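Please look over the sequence and the model shown here, and then follow the explanation below, which goes from the overall order of the chain to some of its details.

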Amino acid sequence: MSASSSHPSFWRRVPLAFGAFFSTLSDAAYAARVEKLSLPEAAPVAPVAPAPAPVPTPAAAPVILKEATPDAALQLLALLQREARLIDFTQENLGSHADADIGAAARVVHEGCAKVMREYFTIDAVRQEAEGSRIVLQEGFDSASVRLTGNVVGSAPFTGTLSHRGWRASSVRLPKLSEQHDAAILAPAEVEL
């Protein structure tokens with residue numbers, strides 16, 4: 001008997017494959033018969049010991065981000081506009097003004113900003129040493145209040161030069177706002193009659 005007469009041709013196997021596929025999906029009994037035909041007889045399998053349970057790794061603490069509301073920032077910006085005309089100054093095109101005029105305007109802005117800072121904030125230096133002095137930061141230093149710059153390698157203790165003392169707000173005394181106050185209006189438009 002030749003191979004061509006004992007085995008179906010490729011083109012004859014294509015519809016058989018599709019038929020077997022869909023019959024296996026739709027008929028559980030047919031699928032069981034196909035399974036018996038396709039799986040070789042296997043020797044009994046020795047029971048396998050269960051794998052040890054994985055050791056749970058501690059989950060990292062989730063980072064909780066604070067929602068920043070814009071009202072306090074807008075209130076501060078309004079105070080800086082009222083006392084120092086800061087928004088007017090930053091919105092002005094300074095290219096057409098003389099340096100002396102810009103300096104005079106900067107003096108007004110500086111004095112007004114300083115007034116707002118004194119009235120509504122208490123600002124203290126983060127570090128008490130003089131700028132330019134050599135300091136040593138021991139292991140466990142507060143990295144939120146001290147930023148390392150330059151060639152930072154290794155771990156604490158670090159020895160370096162204090163280039164800026166840093167600033168910390170120790171108190172904030174912004175005025176309370178009424179429910180009707182629109183903090184987005186930084187300075188009302190002025191109409192002279």
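This is a predicted model: local features need pLDDT of at least 70, side-chain atom pairs count only at pLDDT 80 or more; totals for chains, interfaces and linings use all residues.

Of the 193 residues of the protein, 11% count as buried, and among the contacts between residues at least 6 apart in sequence, 68% join residues that are at least 24 apart.

When its neighbours within four places in sequence are left aside, Gln75 is in contact with Leu174, Pro175 and Leu177.

Two packed helices are described by the angle between their axes and the distance between the axes. For helix 4 and helix 6, the latter covering residues 99-120, the angle is about 130° and the axes are 8 Å apart. Angles over 145 degrees would count as roughly antiparallel and those from 65 to 115 as roughly perpendicular, so helix 4 and helix 6 are oblique to each other. The crossing of helix 4 and helix 6 is right-handed. On the side of helix 4, the residues that meet helix 6 are Leu76, Leu79, Leu80, Arg82, Glu83 and Ala84, while helix 6 contributes Val108, Val109, Gly112, Cys113, Lys115, Val116 and Tyr120. The residues of this contact between helix 4 and helix 6 divide into nine nonpolar, one polar and three charged.

Beyond helix 4 comes Arg85, in the loop between helix 4 and helix 5, which covers residues 86-91. Most residues other than glycine have a negative phi, and most peptide bonds are trans. Arg85, although it is not a glycine, has a positive phi of about 55°, and with a relative accessible area of 45% it is partly exposed. The peptide bond from Ala156 to Pro157, for its part, is cis, with omega near 10°, and Pro157 is found in the loop between strand 2 and strand 3.

Arg134 lies in strand 2 and is exposed, with a relative accessible area of 59%.

How are the two rings of Phe141 and Phe158 set against each other? Rings count as a pair if their centres lie within 6.5 Å, and by this rule the count comes to one aromatic pair. The centres of the rings of Phe141 and Phe158 are 6.1 Å apart and their planes stand at 85°, so the pair is edge-to-face. This pair links distant parts of the chain, since Phe141 belongs to the loop between strand 2 and strand 3 and Phe158 to strand 3 itself, 17 residues apart. Phe141 counts as partly exposed at 23% relative accessibility, whereas Phe158, at 17%, counts as buried.

Note on methods: Residues are numbered from 1 along each chain as its sequence is written. Side-chain values use heavy atoms; hydrogens and water are left out. Contact means heavy atoms within 4.5 Å. Axes are lines fitted to C-alpha atoms, for helices over the stretch in contact, and angles run from 0 to 180 degrees between N-to-C directions. Helices (H or I, at least four residues) and strands (E, at least two) are DSSP runs, numbered from the N terminus. Angles under 35 degrees count as roughly parallel, over 145 as roughly antiparallel, 65 to 115 as roughly perpendicular and the rest as oblique. A crossing is left-handed if the near helix is turned anticlockwise from the far one by less than a right angle, and right-handed if clockwise. Ala, Val, Leu, Ile, Met, Phe, Trp, Tyr, Cys and Pro count as nonpolar, Asp, Glu, Lys and Arg as charged, and the others, Gly among them, as polar. Rings of Phe, Tyr and Trp (its six-membered ring) pair if their centres lie within 6.5 Å; planes under 30 degrees apart count as stacked, over 60 as edge-to-face and the rest as tilted. Buried means under 20% relative accessible area, exposed over 50%, partly exposed in between (1.4 Å probe, protein chains only).
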